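Hi everyone, thanks for coming. I'd like to walk you through one structure this morning, so please have a look at it while I talk.

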Amino acid sequence: MAKIGQDEWVETAEERTSVDAGLRGRLRHLWANTHPGWRLGAFVLVAAIFPFITSSDFHVRIGVNALLFAILALGLNVTVGWAGVLDLGFVAFYGFGAYAYAFVSSDQFGLHWPTEATILVVVIATAALGFILGQPSRRLSGDYLAIITLFFAQMFVEVTTNLDRIEVGDRTLDITGGPNGIPGLDQFKLFGIQFDEITDYFYLLLAFLVVVAVALYHVDRSRIGRAWNAVREDPLAAEAMTIPVNRVRLLAFMFGAAIAGLSGTVFGAVQQGVFPSNFAVTLLIMIYAALVLGGTGSMSGAILGGIIVVSVPNVLRSPDPASWLFYLAVVGGLILLLRNPVRLLAVAGGVVALGFAIRGIVAGVWPDTVADAALRDSSIADGLFNWVVLLDVSRETAGNIAFIALIVAGLIYTTLDGWRRVAMLVPMIYLGVFAWENRLVFEPSVTKQLLFGAILVILMASRPQGLLGTPRVETT
Amino acid sequence: MEPLLEIRGLSKSFGGLDVIQDLDIVVHQGEIVSAIGPNGAGKTTLFNLISGLYRPDAGDILLDGKSVVGLRPDRIATGGIARTFQTLRVFQNMTVKENVMVAAYGKTKAGSVRAILRTPAQRREEREISRLAEEQLSFFGERLMGYRWNQPAYSLSYANRRRLEIARALATKPRVLLLDEPASGMNPNETLEVTELIGQLREELGVTIFVIEHDMNVVKGISDRVIALDHGVKIADGLYNDVADDPRVIEAYLGSGATTTK
Ligand SMILES: Nc1ncnc2c1ncn2[C@@H]1O[C@H](COP(=O)(O)OP(=O)(O)O)[C@@H](O)[C@H]1O
Ligand SMILES: [Mg+2]
């Protein structure tokens with residue numbers, strides 16, 4: 001029989017399976033063939049142990065944050081990743097959930113509702129708010145909807161900042177507490193269990209994550225989930241295939257809102273207070289970063305992205321791990337860039353040689369300027385100290401100059417090609433390391449942002465579909 | 001034969017350009033009717049009007065005697081008018097089977113709560129949707145079967161994507177199927193296959209077919225009746241031989257520079 005229907009996919013089938021051979025391929029195979037339920041179970045198991053292996057509340061607090069972000073990313077993934085509705089007002093729902101919890105669980109209005117009822121009511125109320133704010137998605141899509149929803153996000157911050165002095169007759173009403181927010185929120189009390197430690201919230205969030213993930217997994221594999229995907233892929237074709245596009249979009253919007261509202265209540269209780277600045281646009285960017293990093297459309301990706309976005313900057317806060325990550329990023333970036341062992345060795349050798357040469361010259365000519373590595377409480381600095389010049393004097397200026405030189409070198413780099421381009425990497429890496437060791441290491445808050453940004457850029461450049469996402473083709 | 005799809009005095013213009021002008025068309029139950037005409041004659045626009053993507057300026061469109069004008073496209077599709085697109089519009093990043101399952105939306109019920117809870121009724125419905133999709137795909141023989149179900153639609157060949165669009169339209173369980181140039185971009189073998197398929201769809205599913213086609217061999221092979229359009233006006237309506245010999249039709253084709261093959 002003739003090969004009817006032979007096409008690209010079939011022709012490349014063998015190739016694809018052979019690519020899957022190595023360790024990486026085997027891991028990918030294992031991942032793809034493990035039921036998502038097992039994956040989730042394994043994650044929960046590891047996460048559940050986490051509070052036991054650390055005795056510090058600070059670490060558990062980071063864990064709580066990571067879980068909050070994971071749940072938020074899961075919610076955003078429904079709206080953006082599945083239904084393709086670009087919702088930039090997402091944080092407003094998170095904020096609404098938190099404030100709604102504050103209204104009924106503090107002395108602000110003297111209300112102290114039972115937690116069980118509060119959570120239920122808040123989730124439903126946030127979904128209802130999603131229904132209202134999602135109305136523009138009926139007429140608008142893409143950029144227009146993004147701008148409108150971003151406006152909602154901004155408005156939420158404005159409203160909560162200003163709803164503290166409303167004149168009603170001769171009385172002033174304070175609803176949101178204004179810029180000072182609402183402090184002193186009640187802790188959760190669920191089914192007789194009074195929450196008082198951060199660990200309690202950690203496990204509660206873990207449970208919520210499981211519930212949300214399982215629910216979404218089910219919806220994803222139902223006609224609703226398919227309708228979301230269809231509407232994202234091609235709304236016109238979806239409409240012609242019996243799908244009420246507006247209603248389906250709105251539903252995705254409400255799902256995202258409800259999940260954000262749920263996270264918001266827990267956030268309010270964990271922080272025991274809500275403030276307008278908690279829900280600023282920077283938070284929105286972080287949630288989007290989590291989603292994109294993990295892989296838009298993928299639930300595992302959303303969870304992983306949420307955890308990375310919270311934990312990595314925290315790791316970067318202290319200089320030693322930050323240095324490790326910096327050098328990992330340099331080496332990793334280099335490997336991704338060159339991919340060729342010979343060139344890689346050449347560049348590495350060049351960098352090492354250049355380092356010793358400069359160090360030798362500087363130490364010979366101006367011996368007092370070179371600092372002792374013991375100055376730094378960094379284990380990496382020990383190993384490097386014979387190589388890179390660590391200055392004792394005018395560190396900042398030299399670091400700044402190196403940084404500018406690095407940018408210039410980078411610009412030159414883009415104009416070169418062939419071996420010159422590869423050779424240019426040598427001074428660039430040296431300058432980068434020099435600037436890092438002499439300047440950036442001393443400013444953790446700046447380096448944290450810079451490094452995290454760099455890691456994001458490198459990851460997205462090498463894996464545009466995100467860590468666990470599947471590549472999509474453009475549909476226009 | 002009873003009229004199933006009836007178009008009366010339909011008109012549509014875009015910014016002063018009259019694309020459809022006072023058009024009357026009747027398609028009877030069980031018929032295969034072809035629409036021909038030079039490029040820009042308004043054939044695709046006619047389909048867009050019938051399927052509710054555009055709203056007519058004047059006139060009426062009746063399915064089984066009931067007007068569908070003003071209904072949302074998804075309501076019209078659920079009501080029994082399905083279509084394919086001249087420019088392929090499969091859901092690229094969904095699997096072949098999902099593409100077809102999507103189209104079952106209108107005639108199924110389980111909402112999000114039932115989906116979350118996986119109620120027995122919801123699971124039964126899902127199984128039914130899955131079976132329906134497989135059934136539609138099986139119409140295309142080996143081409144869209146088995147291992148292909150789980151491939152993303154973008155990985156299919158052009159011809160297979162055309163087939164997938166037809167399978168997807170069938171999954172809405174239509175009474176009238178509108179096919180917009182189903183053989184375009186296909187090689188002679190594939191074209192022949194499409195011709196056979198269209199006949200088969202009517203035989204086995206009893207679906208009424210209204211098809212736009214450029215390839216006169218296909219038109220000749222399948223049509224009970226042929227309607228020729230030019231500048232949004234019906235210039236001929238009848239048996240293939242009569243329409244193909246109609247001087248106005250020949251004029252329209254020659255005038256536009258296109259050639260007809262008989
Ligand atoms: N949405 C639209 N806006 C403006 N003009 C349109 C639109 N859709 C179709 N037209 C015009 O209507 C005419 C008929 O187009 P079409 O129905 O696609 O022709 P056919 O399918 O017969 O080749 C063309 O001149 C086309 O440019
Ligand atoms: Mg056309």
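Predicted model: local features only at pLDDT ≥ 70, side-chain atom pairs only at ≥ 80, totals over all residues.

With that, let's go to chain A. Helix α6, residues 90-104, packs against helix α12, residues 245-271, with the axes 6 Å apart and an angle of about 45°.

Next, the aromatic rings. How many aromatic pairs does a search of the whole structure find? Over all chains, there are 23. Let me show you one of them: A:F156 and A:F279 have ring centres 5.9 Å apart and planes at 80°, and since over 60 degrees counts as edge-to-face, that's what this pair is. What I like here is that the two partners come from distant parts of the chain, 123 residues apart. A:F156 is in helix α8, residues 142-162, while A:F279 is in the loop between β8 and α13. Are they buried or exposed? Both A:F156 and A:F279 are buried.

A second pair to look at is A:F188 with A:F195. Their ring centres are 6.0 Å apart with planes at 65°, so this one is edge-to-face as well. Both A:F188 and A:F195 are buried.

The charged end of A:R223 sits over the ring of B:Y105, 4.0 Å from the ring centre. Within chain A, A:R421 lies over the face of A:Y413, at 4.5 Å from the ring centre.

Last stop: the metal. Which residues coordinate the magnesium ion, ligand 2? They are B:T44, through OG1, and B:Q86, through OE1, at 2.0 to 2.1 Å. These two also link distant parts of their chain, 42 residues apart: B:T44 is in helix α1 of chain B, and B:Q86 is in the loop between β6 and α3. B:T44 has 26% relative accessibility, so it counts as partly exposed. B:Q86, at 30%, therefore counts as partly exposed too.

That's my tour. Happy to take questions!

Methods
Residues numbered from 1 in each chain as written. Chains lettered and ligands numbered in written order. Heavy atoms only, no water. Phe/Tyr/Trp six-rings, centres within 6.5 Å; stacked < 30°, edge-to-face > 60°. Helix = DSSP H or I, 4+ residues; strand = E, 2+ residues; numbered from the N terminus. Buried < 20%, exposed > 50% of the residue type's maximum accessible area, 1.4 Å probe, protein only. Lys NZ or Arg CZ within 6 Å of the ring centre and 35° of its normal. Donors = N, O, S within 2.8 Å, 3.2 Å for Na, K, Ca; no water. Axes fitted to C-alpha atoms, helices over the stretch in contact; angles between N-to-C directions.
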